[in-house]
Amino acid sequence: MSSLLEVRDLEVKFGLRSGDITAIDGVSFELDPGERMGLVGESGAGKSVTGFAIINLISKPGYISRGSIHFEGKEISAYPPDKMRTIRGNRISMIFQDPMMTLNPVYTIGFQMIETLKAHRDISKSQARAIALEKLKLVQMPSPEKRLAQYPHELSGGMRQRIIIAISLLADPAIIIADEPTTALDVTIQAEIMDLLQELCENEKMGLMLITHDLGVVSQVTEKIAVMYAGKIIEYGPTETVVHHPVHPYTIGLIGSIPGSIEPGKDLRQIPGMMPTLTNIPPGCAFNPRCELAADICTRQTPVLEEKQNGIMAACHMK
Amino acid sequence: MKTKLQQFKESYFLYSFRRDMVAMASFVVLVIFLGIAFAAPWISPMNPYDSANIDIMNSEIPPMWMDGGSKEFPLGTDNQGRDMLSTMFYGLRTSIIIGLGAVAIQAAIGIVLGLMAGYLGGKTDAILMRLADIQFSFPYLMVAIFMSAIFQVVFGAGSFEQLAIPLLTIIIGLSNWPMFARTIRASVMGEKNKEYVEAARVIGLPQRIIMFRHILPNALTSVMVISTIQVANAVMSEAALSFLGLGMPVTKPSLGSLIRAGQEYFFSGSWWITVLPGLWLVLFVLVINLLGDWLRDVLNPKLYKG
Amino acid sequence: MTTNHTPLLRVQDVVKHFDISGGFLDQLRFKGGIHLEKTTVKAVNNVSLFVNKGETLSVVGESGCGKSTLARLILGLYRPNSGKIFYDGQRIDTLTHEQWLPYRRKMQMIFQDPYASLNPRKTVRQTLEEPLRFHNPKMTAQEARDKVDFVMEQVGVDPAWIARHPHEFSGGQRQRISIARGLILDPDFIVADEPVSALDVSIQAQILNLLMDLREKHDLTYLFITHDLSVVHHISSRVAVLYLGTLCELASANDLFNEPRHPYTRALLSAIPKVGEKKAKHIKLKGEVPTPVKLPSGCVFHNRCVYARERCKKEFPRLIELSNSTFVSCHGVEEGWPMD
Ligand SMILES: Nc1ncnc2c1ncn2[C@@H]1O[C@H](COP(=O)(O)OP(=O)(O)OP(=O)(O)O)[C@@H](O)[C@H]1O
Ligand SMILES: Nc1ncnc2c1ncn2[C@@H]1O[C@H](COP(=O)(O)OP(=O)(O)O)[C@@H](O)[C@H]1O
Ligand code: SF4
Ligand code: SF4
Ligand SMILES: [Mg+2]
Ligand SMILES: [Mg+2]
């Protein structure tokens with residue numbers, strides 16, 4: 001096992017009153033140091049739950065029911081909460097869509113950054129302040145000294161997201177998991193934040209797991225892609241290849257659905273129907289009711305993720 | 001297509017109700033209370049309003065499990081010789097009638113004013129809400145005392161006995177509407193900026209229809225919770241007024257006037273005349289409050305957000 | 001702005017400011033002597049544009065730039081502080097509620113949030129029949145029912161679901177019902193405020209296809225509001241770019257995407273992430289978006305524009321028409337400053 005992070009056959013369930021439902025069903029992938037990976041899929045596909053599962057942050061009725069998560073040579077999927085804290089926010093940081101989930105509105109930026117540092121490391125206040133400043137400069141924050149004394153609500157959405165990134169960098173993590181970090185931002189700001197994340201990964205040799213529904217963003221920033229559908233990874237491979245020569249019918253449909261993939265004014269290549277809810281996933285291939293190629297076997301047997309062409313792995317019987 | 005009944009059976013409402021022992025027990029007790037109040041004329045051993053049934057010789061008989069108790073009067077009798085059980089049944093009935101009536105009045109005034117304040121905003125809002133503030137800053141008991149004193153003077157103590165129930169209902173109803181107005185206003189302000197309201201405006205529907213047919217039904221859930229608690233409060237207000245001698249006359253007792261009538265005899269040993277109606281009232285108010293709390297929790301589920 | 005024929009919709013120098021100063025105490029200021037100060041959000045500032053019959057005009061811009069406010073002004077949900085709005089040559093911004101009614105049949109709206117745009121207490125039938133009954137009091141129950149069925153089929157919702165409530169539908173289906181409500185009065189003109197922004201890509205494609213399909217079948221004219229430029233390119237004939245409530249550029253979709261003229265339009269276009277294209281260098285803007293409460297002087301874009309000169313800080317650039325009916329509001333374009 002050489003990868004920085006290696007997830008194998010991960011399964012996450014939620015215990016609901018009507019019985020357990022499987023939100024993540026046998027997901028496997030790996031991430032090398034400095035590698036940027038995109039996790040894409042539609043709402044409810046299981047992207048966020050996968051991200052949360054890695055750092056054991058799944059909320060109450062949910063639990064990891066199977067699989068292993070190897071990080072820096074250690075199995076962390078069954079770490080107790082206090083041990084997990086040495087990893088979460090330290091070796092693996094997470095950035096959320098809504099900056100206010102991480103920032104406390106009643107404290108200054110500086111206070112929050114310094115407290116975070118002191119919680120993880122045994123350092124003096126002035127040392128902590130110096131590190132905070134350094135990280136703010138690293139995320140190209142204009143006039144960083146001034147920001148330390150400001151409150152979150154005094155900053156714009158783009159600046160807040162920069163602060164969040166700076167906070168996530170405080171402990172020099174090996175991996176950043178970014179869950180829709182720019183979905184709430186405007187395109188011009190999004191472009192800047194994505195530039196920043198990419199540069200940071202390249203310069204600091206940090207792994208990035210970018211969770212998003214926007215294939216455009218993923219295709220520009222990441223080196224490999226995992227496409228999720230109904231709790232499974234159905235296509236996995238190098239970004240270039242997946243985007244230009246997708247194999248799985250769902251990925252093909254997804255890319256065809258994007259305006260801009262086709263001549264303006266023409267009908268988009270839509271996928272009929274919608275993703276099933278977790279409580280009634282069809283038997284066999286979960287995509288079969290929407291798939292043009294579906295054959296008999298697709299309703300009987302669940303396809304497994306296997307090597308298809310050009311280094312792409314896909315879960316489909318017909319390809 | 002599911003029927004309404006099926007939908008109800010599968011609803012979160014019923015599910016959480018059946019898992020909550022306190023809510024179920026309160027509900028059962030409340031239903032029993034309501035049943036008793038409704039059926040009081042038929043199930044009471046005697047009619048305490050009818051002086052023909054009352055024999056002063058029977059006064060202050062203790063409950064049947066005590067020395068000197070009698071099977072005829074399971075909970076004993078009061079100072080006038082009325083069967084305690086029957087007076088408590090009748091008293092509950094009177095209290096509930098006044099409580100429900102008063103809440104209906106509060107709700108009607110509060111909902112209409114709150115809806116107008118919330119939807120129309122601006123000056124209408126400012127005026128109505130200042131009015132509510134003023135009403136609120138008078139302790140409602142004071143308002144009620146003041147009003148019932150005036151009524152008693154105007155109509156005379158004699159006819160007051162006839163008019164007591166409607167008068168008390170109106171007095172308590174008028175004194176507490178700001179609660180409803182504020183609650184409704186807050187939820188209307190939340191609703192009115194939703195796109196479905198704009199859609200109704202784009203269709204060209206008149207304001208009246210938008211307010212009452214589109215916004216009000218969506219703002220009503222918040223009212224359900226306070227309505228239950230307000231019924232309990234109204235019953236308590238009525239008891240308080242009666243206890244102060246401004247409410248129901250002793251000849252047609254509510255729970256409050258029973259407690260009042262009995263307290264003089266408390267130290268002479270006939271504690272049951274005042275304690276039993278007191279416990280009766282506390283239990284009734286308690287189950288309503290418990291149900292109200294449960295309802296508030298159910299109607300505010302913390303939904304999962306991705 | 002002039003055109004040689006009557007456009008279906010014309011918006012002329014429209015201004016909308018919102019007073020958010022709150023009560024007396026909030027307005028009180030002590031600096032420079034005790035006085036009252038009002039706070040206003042300058043949401044739409046002197047916007048002029050027109051929409052011709054049968055075309056789709058997209059209004060794009062970043063969040064808070066006044067797109068939704070403009071939509072609501074056009075539909076009479078807000079009254080402009082100044083300026084005029086004409087529909088089919090008739091001035092509509094001064095009409096009373098009753099005078100608006102005939103226009104309500106012709107102008108309809110589709111909303112962004114599929115979860116908030118349908119009344120949760122009403123069934124699909126009630127939602128769709130209400131506008132019909134209101135505008136055609138003589139209509140029989142059967143006629144209304146037939147019309148509702150017809151429209152539901154057109155938007156791809158099974159009429160058998162007519163008795164259901166919105167919470168029983170997915171986001172995409174709700175959006176279809178919302179579109180059905182917009183169509184049920186047979187309007188000519190539809191304002192769609194971010195109709196696909198809340199939807200997943202595959203559902204978004206279904207709805208976009210539906211909207212284009214309906215445009216053809218019913219001869220509709222759209223004012224299409226969105227922040228997503230790839231959607232704009234796909235569905236519109238002309239595009240208006242807004243920044244801080246001000247119109248920067250108005251041009252045909254092809255011209256705008258091939259040869260953007262205004263510096264802001266250029267930055268915006270360069271920032272769109274395109275699937276399968278390695279990242280081109282996007283144009284970096286300086287500074288931060290100012291708030292619409294304190295608009296910059298002169299050109300509202302000057303604090304972020306790389307080409308800004310002294311004139312830009314002082315003078316508001318007027319909207320000029322370039323050769324091919326492209327309108328731009330920029331001193332640099334007007335004077336031919338070098339921009340690469
Ligand atoms: N606490 C929970 N209880 C029950 N089901 C849950 C819970 N959290 C997540 N799920 C379910 O797990 C599935 C995956 O959710 P997840 O949040 O990972 O989706 P996602 O791909 O991140 O979507 P989005 O793009 O909307 O963020 C969904 O079907 C969701 O409903
Ligand atoms: N009713 C209102 N009261 C006060 N401010 C408003 C109101 N509606 C919109 N605004 C403000 O006007 C500006 C433009 O808003 P909007 O038109 O909704 O932007 P967009 O739709 O382009 O995102 C924003 O700053 C917004 O906060
Ligand atoms: S396995 Fe069958 S149904 Fe699934 S994607 Fe492949 S062809 Fe389609
Ligand atoms: S007017 Fe000046 S500041 Fe404004 S866009 Fe043109 S060049 Fe830039
Ligand atoms: Mg998510
Ligand atoms: Mg908007």
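Which residue in strand 7 of chain C is the bridge partner of F86(C)? The partner turns out to be R91(C). This comes from a predicted model, in which local features need pLDDT of at least 70 and side-chain atom pairs count only at pLDDT 80 or more, while totals for chains, interfaces and linings use all residues. Residues are numbered from 1 along each chain as its sequence is written, chains are lettered from A and ligands numbered from 1 in the order in which they are written, and side-chain values use heavy atoms, with hydrogens and water left out.

Strands here are DSSP runs of E with at least two residues, helices are runs of H or I with at least four residues, and both are numbered from the N terminus. Two strands pair if DSSP finds at least two bridges between them. Strand 6 and strand 7 (residues 90–91) of chain C run antiparallel and are joined by two bridges. Their hairpin has two residues between the strands, and D88(C) takes a positive phi near 55° there. Strand 6 (residues 82–87) of chain C also runs antiparallel to strand 1 (residues 9–19) of chain C, with five bridges joining them. In that pairing, Q12(C) stands opposite K84(C).

Chain C also holds an open sheet of eight strands with mixed pairing, in the order 8-9-10-5-11-12-14-13. Strand 8 (107–110) and strand 13 (320–321) of chain C sit at the edges with a single partner strand each, so one side of each has no neighbour in the sheet. Strand 5 (residues 56–60) and strand 10 (residues 221–226) of chain C run parallel, joined by five bridges. T56(C) stands opposite Y222(C) of strand 10. Helix 7 (residues 201–218) of chain C packs on the sheet and touches strand 5, strand 8 and strand 10 of chain C, and its direction makes about 160° with that of strand 10. Contact means heavy atoms within 4.5 Å; axes are lines fitted to C-alpha atoms, for helices over the stretch in contact, and angles run from 0 to 180 degrees between N-to-C directions. Helix 3 (residues 97–106) of chain C lies across strand 8 and strand 9 (189–193) of chain C, at about 60° to strand 8.

Now for the ligands. A residue is near a ligand if one of its heavy atoms lies within 4 Å of it. Ligand 2 has 14 residues around it, and G64(C), G66(C), K67(C), S68(C) and T69(C) come nearest. A polar side-chain atom of S68(C) is 2.6 Å from an oxygen atom of ligand 2, and a polar backbone atom of K67(C) is 2.8 Å from an oxygen atom of ligand 2. Helix 2 of chain C gives the largest share of this shell, three residues.

Ligand 3 has 13 residues around it, with C285(A), C291(A), C298(A), C316(A) and M318(A) coming nearest. Its shell divides into 10 nonpolar, three polar and no charged residues. In this scheme Ala, Val, Leu, Ile, Met, Phe, Trp, Tyr, Cys and Pro count as nonpolar, Asp, Glu, Lys and Arg as charged, and the others, Gly among them, as polar. Around ligand 4 there are eight nonpolar, four polar and no charged residues, among them C299(C), C305(C), C312(C) and C330(C).

Chain B, finally, has 12 helices and zero strands.

Notes: A polar contact is a pair of N or O atoms within 3.5 Å; within protein, one must be able to donate a hydrogen and the other to accept it, and residues adjacent in sequence count only if both atoms are side-chain atoms.
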